[in-house]
Amino acid sequence: MMGPDMAGAGPCLASWHDPEYKEHDVDGEAGIFLQQPIAERGRLKVYESPAMTVASLIHHGAYNRLSEAYDALLKWLEPNGYRTAGPARELYLVVSQPVRQDDESYVTELQVPVAKA
């Protein structure tokens, strides 16, 4: 449960550090945007993400179809002179509770940091 000192100012997000999709032992982070800094405690880490250039795509649909959106985004990179330059992240713009993998009403922004190839 979130206390008042952890109120987010935006959507929840996840960062995926593995360079390719994995079923097990996934290296990722869950996060929220904060209106003001809070103290770190336990496994809770607080940091400011650096500015970066990203290739972004808005996925309207279920989480179990996110791989289709990632495929389209990643296929865009090379022909347009870019390469990946860091972990991908997902911003969950529209989601309902309980979270379901097949809910087509969800809206998710995919962001892949990029650099010129």
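Start at Trp76: in this predicted model, its relative accessibility comes out at 40%, so Trp76 counts as partly exposed, since buried would need a value under 20% and exposed one over 50%. Tyr82, at 23% relative accessibility, therefore counts as partly exposed too. These two belong together, because Trp76 and Tyr82 form an aromatic pair with ring centres 5.7 Å apart and 15° between the planes, and planes under 30 degrees apart count as stacked.

Now for the helix called H1, which runs over residues 66–77. Its twelve residues, at 1.5 Å a residue, should span 16 Å, and the C-alpha atoms at its ends lie 17 Å apart, so the two values agree. Which residues of H1 are buried? They are Leu66, Ala69, Tyr70, Leu73 and Leu77. Look down the axis of H1 and these buried residues fall within an arc of 100°, which means they line one face of the helix.

Back to the rings. The structure holds three aromatic pairs. One of them joins Tyr63 and Tyr106, and this pair is tilted, with 4.7 Å from centre to centre and 45° between the planes.

Notes. Residues are numbered from 1 along each chain as its sequence is written. This is a predicted model: local features need pLDDT of at least 70, side-chain atom pairs count only at pLDDT 80 or more; totals for chains, interfaces and linings use all residues. Side-chain values use heavy atoms; hydrogens and water are left out. Helices (H or I, at least four residues) and strands (E, at least two) are DSSP runs, numbered from the N terminus. The expected span of a helix is 1.5 Å times one less than its number of residues. Buried means under 20% relative accessible area, exposed over 50%, partly exposed in between (1.4 Å probe, protein chains only). The arc is that of the directions from the helix axis to the C-beta atoms. Rings of Phe, Tyr and Trp (its six-membered ring) pair if their centres lie within 6.5 Å; planes under 30 degrees apart count as stacked, over 60 as edge-to-face and the rest as tilted.
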